[in-house]
Amino acid sequence: MSAPAKQYATSQDWTRLQSIIMRLYLDEEKTLEEVKSYMEEHHEFFATISMYKKKFTTWGAFKNLRLDEVLQILRLKRDRDAAQKPSLFFIRDREVDHNSLQVYLSRNPSVFARLEAGDAPSPEAIRHVTCRTPPFSSTLAYRQASSSPKCPSPTVQCNRLSPVPEDIFRALHIYLDRSFDTGLWAWSENHCWNTRGRYGPSGLLNSIIDRCITAALAVSRQVEPVAIRRALDVPFAMLIRVFRNPPPILVPKLISAAAHLNRLGRGEIAGLLLQFCQDLTVAILGQDHPLTRFWKGLISIPHLEHQDAMGRILTLCVSEFDTRLGPAHPLTTETYLKYFDVVEREKDPRVQLQSLEHRLSKIDVDHIGGTLLGLLTLEHALANCKLSLEERQLDKAEDALSHLDSSSLAARDESFRCVWLGYIRCIKGDLAGAERLYKNSVLAAKRTGSRDCVLEALFQLETFCIHAGKALEAEQIRAERFRLHRKLESLIWTDQEDMPSSRDRNSDPTVVILHVASDESGTKWQPSAFSEVTEYASASGSVP
């Protein structure tokens with residue numbers, strides 16, 4: 001005798017058992033297959049996976065946040081923050097932990113671009129997302145007492161939405177759009193470049209930023225003030241050439257550099273860099289250019305809010321390039337790496353891994369440059385390394401980095417990897433192995449042809465020698481480091497073509513340099529007084 005045929009659940013069955021199904025799926029976090037099996041075994045409730053999915057959509061039973069819902073949460077949060085009102089947010093009466101927003105935003109930065117552009121979420125999201133003011137008692141106590149089921153989320157800090165002037169984002173959006181639409185920037189599936197400068201301005205910008213970072217580090221490392229002035233003379237003079245033919249990566253790289261300077265405690269140099277960028281755009285592009293309005297708006301933000309604003313600017317850049325070029329394009333990936341350095345790097349390693357794995361899933365290895373893919377892989381390995389160090393699993397931390405293929409890394413990244421491996425060996429007590437790795441870091445840095453990278457690697461080696469009690473070797477390395485600083489020559493030319501004799505120089509914009517001057521007595525720079533740097537080999541060439 002054959003078994004009776006299954007009777008699929010009726011609409012009345014779904015209604016009667018809805019609360020049990022929701023509890024299994026959302027509160028107990030069972031998979032669809034597990035829910036299906038449980039309901040068949042314990043309630044003789046039969047339905048296909050497709051039926052479950054349709055019902056969950058009808059019920060609004062989504063485990064993950066959705067873009068329009070997050071957009072509506074951010075809109076409500078921005079308004080309530082401006083009114084200084086504490087808030088609890090709910091999606092279909094289920095409380096949303098604000099911490100979960102950070103994970104979503106790190107993986108979907110386009111939501112910020114939509115927020116700044118003033119896009120409205122779907123009517124369903126507006127209807128389903130609600131906001132309530134918590135009672136007088138603490139939010140934590142309220143959540144513990146709440147009977148509403150809570151959406152699961154990682155415990156990470158959610159960034160506050162700062163009251164950044166909206167014109168900054170509008171100006172940046174206009175600048176990026178105009179650069180693409182007018183043909184100033186051209187692109188293929190593998191590259192994006194300035195049609196007037198091809199790859200030159202971008203490579204020069206790298207050298208400029210490296211020099212600024214190294215000079216900033218030198219301030220706190222007892223390097224002579226004259227050497228610091230000379231080190232900054234070169235990059236600030238060369239910025240003029242870059243701004244005349246701005247590469248697509250200009251804003252992300254400069255914002256990332258300024259954020260790095262702030263983290264190093266050299267906010268005065270970061271402010272100097274941003275001020276110089278503003279005055280250059282005024283002199284070269286004019287007061288009304290969107291890039292000028294962007295830099296002016298950024299400088300007007302209070303210093304304490306700069307880091308958050310820079311993170312949001314980089315988020316917007318990632319979103320714009322993602323839309324224009326696609327998520328797998330090398331420029332989008334490079335901009336994401338800048339965003340990661342500013343926004344994600346200080347977070348819990350688990351959050352870093354989520355963000356990096358999401359980005360790696362979008363990469364086409366056949367179209368992205370080997371060095372970019374190598375850097376993404378290094379960042380992923382480093383996040384795993386940090387997680388293992390946090391758990392005191394030193395061997396596992398070392399394996400995460402040592403198993404990387406060093407041939408896939410740029411020389412600069414290989415130098416960075418060796419520093420971390422040396423640090424781990426030092427923790428393990430293997431000082432001989434640590435010293436070998438720190439010296440390998442210097443050798444890799446010298447292959448970059450950049451004095452700046454070599455100076456940083458030498459400083460790390462010097463610090464290790466001091467820790468290991470090798471005072472004489474440390475002093476020798478220190479002397480070598482100072483010798484390289486003194487070789488950073490200034491290369492500045494007077495540009496007569498940009499300075500007709502009839503021109504009133506006093507009307508030109510000036511850049512005030514704090515603690516830095518172009519000569520022994522001057523404290524001001526005139527952008528029109530410097531020409532394009534046509535020869536800068538001695539400033540960024542190989543270390544002799």
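**Close-up views of a predicted model**

View 1. Apart from neighbours within four places in sequence, Leu254 is in contact with Leu205, Ile209, Leu239, Phe243, Leu273, Cys277 and Trp295, where contact denotes heavy atoms within 4.5 Å. The model is predicted, so local features need pLDDT of at least 70 and side-chain atom pairs count only at pLDDT 80 or more, while totals for chains, interfaces and linings use all residues. Residues are numbered from 1 along each chain as its sequence is written, and side-chain values use heavy atoms, with hydrogens and water left out.

**View 2. The largest nonpolar core.** This core has 68 residues, and those with the most contacts inside it are Val251, Leu254, Phe294, Trp295 and Ile313. Its largest share, nine residues, is supplied by helix H15 (residues 306-325). A nonpolar core is a set of buried Ala, Val, Leu, Ile, Met, Phe, Trp, Tyr and Cys residues joined through side-chain atoms within 4.5 Å. Buried means under 20% relative accessible area, exposed over 50%, and partly exposed in between (1.4 Å probe, protein chains only). In soluble globular proteins, nonpolar side chains tend to be buried together.

View 3. Helices (H or I, at least four residues) and strands (E, at least two) are DSSP runs, numbered from the N terminus. The 19 residues of H13 (residues 267-285) should span 27 Å at 1.5 Å a residue, and the end C-alpha atoms are 26 Å apart, which agrees. The expected span is 1.5 Å times one less than the number of residues. Among the buried residues of H13 are Leu273, Phe276 and Cys277. Gly286, with a positive phi near 100°, follows H13.

**View 4. One buried face of helix H2.** From first C-alpha to last, the twelve residues of H2 reach 16 Å, close to the 16 Å expected at 1.5 Å a residue. Leu32, Val35, Lys36 and Met39 are buried in H2. Viewed down the axis of H2, its buried residues fall within an arc of 100°, so they line one face of the helix; the arc is that of the directions from the helix axis to the C-beta atoms.

**View 5. Two loop residues with positive phi.** Most residues other than glycine have a negative phi. Glu44, in the loop between helix H2 (32-43) and helix H3 (49-59), has a positive phi near 50°. Arg392, in the loop between helix H18 (370-390) and helix H19 (394-402), has a positive phi near 60°. Glu44 is exposed, with a relative accessible area of 66%, and Arg392 is exposed, with 59%.
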